[in-house]
Amino acid sequence: MTVLTMPAQSGASGPRGPVPWRRMAWVTWRQHRAALVGAVGLYAVLAAVMLIAGLKIHRDYASLLACHPLTSSACRALSNSLGSGDWHMGNAVNIILQLAPMLIGAFAGVPVLARELETGTFRYAWTQGMGRDRWTIAKLTALAVVFALGAGALSQLNHWFYQPFAQQQGMTQFSAAVFDSQGIALAAWTLAGFTFGAFFGMLIRRVVPAMVATIVAYAGLDLVVWQYLRPHYPVGGFWPAQCIEAGWLLILSVLLGAATVWLARHRTG
Amino acid sequence: MNVIETHGLTKRYHGAWALQDCTLAVRAGYLAALVGANGAGKTTLLNTLAGLITPTDGTATVLGDQPPGSPAALDGIAFVAQDAPVYKNLSVADMLHLTRNLNRSFDLRQARARLADLGIPLKKKAGQLSGGQQSQLALTLALARRPRLLILDEPLAGLDPLARRDFLATVLTAMADDGLSVLLSSHSLPELDRVADYLIVLSRGQLRVAGELDDLLARHRVLTGPAAEADSRARQWHVVQDQRAGAQAHLLVEISGPEDPVPPGWESHPVSSEELMLAYLRAPGSAAPLQPIELTEAAR
């Protein structure tokens, strides 16, 4: 062995400075391709359904508005069509939109850290030159932005899609079905759902229990907000109230994200 | 330069000692073997040096004076954890690109050439490789980073004897080519016998002995003599292991110098590295006083 023990300062290879952040883009895409494709696919299918069904709904609603006299059997048939088939479609889309942030949290947020911890691959990931802080921050930020932007785009489409029902049912903009899935609230709830998932994944370190915790926490928060918090917003308008809701959800998400990074940094064993 | 240096390193989990007051220094260019039974604290020590665990007490530095887990330490150390974790759903080619993206430097050509030599196809999923191939893949990824220190936790455990030889040959070649330092743990001794420069023996979280293997071998003897005299002799020598066979006693002792006289009626034999390791592993109560390690001396 004595022959082999001459220490040679290996000529420092590669560029100086830390590993560039942008390298995490490929890493995040490759490792979370399924979650990204799944979520974007869900958004795309929803958007297509909303476009196609929305055109029919708007046509039906326009015919109903133009229909005279309202008590005629023809008008009643139009009203029934809007109230049954169209309404079911609108309702289904709305329920899926409201559940999407929770599903993204459980199925895309949780595995980011919990799967690494469960399978032991964090011992690989966190000992590379990138370092665990930047690895965690880059992944969580990139994924959160993609999911939130998709949800934001979808909720704009929902303004148009849901408008006939809101009008016909006499809903205000503060009805849960409207407020939650329009404006910027859906994007903010998606952000919160995702960071709940990442946080519980890091805290519990097991995929399935963390999914359960995410769903329970998300549903609990939604209920509390709907029942107790939202009626006390100090402003009357739709957009100011949306900004308040999105604002505190953003703060909550940043805090949860920071807590997740802190837990990752201090995880021992 | 010391690639590894610890002072009073201690790790407690829920009140139980995983590592207790561990002080050692390993110079650059060495292959250091960390041996101990399962649960002796080997993984705790290695994970601490890799920056995955924060010690409860004491200090550790790597690559001179870097704290484990610091950017410079992560950059210069490649760590292969126990069972060589790889992403089972990623292809071998993806694992190469992943590791390349996560590090400042990565020798893609060398990694591909080595995998071709090993007959590991790039398109195959890492999870479909055999255990030995996964270990070789993890080692290939680690070496392609051109680290200054390679830390391997039980790298030989899942390998058949032939694969063990190939694995160690790869490590030794990288040491010769790149001046790499290596710390590897094992609970099996024979393979390490001929390759280790430095030996660290852990038992129940405590350091039994640490030192250059040649030096340790020179400092220990097996003395064989009448069992009747053994007890009185044992008081004047530092006995690591005391074995009796009828009227004969075999004492593995640490001597103070080569000129130590052998008393009449006793025979002195050199000790093999395996005997030495086993003696220290077996005798948890009788830790040898550690020789103070020259911390400032230049690498040999």
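This is a predicted model: local features need pLDDT of at least 70, side-chain atom pairs count only at pLDDT 80 or more; totals for chains, interfaces and linings use all residues.
Residues are numbered from 1 along each chain as its sequence is written, and chains are lettered from A and ligands numbered from 1 in the order in which they are written.

The secondary structure of chain A consists of nine helices and zero strands; helices (H or I, at least four residues) and strands (E, at least two) are DSSP runs, numbered from the N terminus. The order of elements from the N terminus is accordingly written α-α-α-α-α-α-α-α-α. The C-alpha trace of chain A spans about 105 × 35 × 30 Å along its principal axes. Chain A has a radius of gyration of 24 Å, while a compact globule of 269 residues would have a value near 18 Å; this radius is taken over C-alpha atoms, and the globule rule is 2.2 Å times the number of residues to the power 0.38.

Within chain A, helix 3 (residues 73-119) and helix 5 (residues 132-168) have axes that come within 11 Å and cross at roughly 170°. Axes are lines fitted to C-alpha atoms, for helices over the stretch in contact, and angles run from 0 to 180 degrees between N-to-C directions. Helix 3 of chain A and helix 5 of chain A are therefore roughly antiparallel to each other; in this scheme, angles under 35 degrees count as roughly parallel, over 145 as roughly antiparallel, 65 to 115 as roughly perpendicular and the rest as oblique. Helix 3 of chain A contributes residues including A:L82, A:W87, A:I104 and A:V112 to this contact, and helix 5 of chain A contributes residues including A:K139, A:F147, A:Y162 and A:Q168. Two residues are in contact if their C-beta atoms, placed from the backbone, lie within 7 Å. The residues of this contact comprise 17 nonpolar, four polar and one charged; Ala, Val, Leu, Ile, Met, Phe, Trp, Tyr, Cys and Pro count as nonpolar, Asp, Glu, Lys and Arg as charged, and the others, Gly among them, as polar. In the loop between helix 2 (33-66) and helix 3 of chain A lies A:P69, and the peptide bond from A:H68 to A:P69 is cis, with omega near -15°.

Chain B is assigned two domains, domain 1 (2-214) and domain 2 (219-282), with bounds that come from an automatic or database domain assignment. Their C-alpha centres lie 34 Å apart. Contact between them involves 12 residues of domain 1 of chain B and five residues of domain 2 of chain B. On the domain 1 side, helix 7 (190-193), strand 8 (198-203) and strand 9 (206-212) of chain B each give two or more residues, and strand 8 of chain B gives the most, with three. This side of domain 1 is made up of eight nonpolar, two polar and two charged residues.

Another helix pair is found in chain B, where helix 5 (residues 131-144) and helix 6 (residues 161-178) pack at an angle of about 5°, with their axes 11 Å apart. Helix 5 of chain B and helix 6 of chain B are therefore roughly parallel to each other. In this contact, B:G132, B:S135, B:Q136, B:L139 and B:L143 of helix 5 meet B:A163, B:F167, B:T170 and B:A174 of helix 6. Five of the contact residues are nonpolar, four are polar and none is charged.

Chain B also contains an open sheet of four strands in the order 11-12-10-13, with antiparallel pairing; two strands pair if DSSP finds at least two bridges between them. Strand 11 (238-245) and strand 13 (267-270) of chain B are the edge strands, each pairing on one side only. On average, neighbouring strands of this sheet are turned by 25° against each other, direction ignored. Helix 10 (residues 273-282) of chain B packs on the sheet and touches strand 10, strand 11 and strand 12 of chain B; the direction of helix 10 makes about 95° with that of strand 11 of chain B.

Strand 10 (residues 220-226) and strand 12 (residues 248-254) of chain B pair in the antiparallel sense over seven bridges. Within strand 12 of chain B, B:V253 is the bridge partner of B:R221, and B:L251 stands opposite B:L223. Seven bridges also join strand 11 of chain B to strand 12 of chain B, where B:D242 stands opposite B:L251. The hairpin of these two strands has two residues between the strands, and B:G246 takes a positive phi near 60° there.
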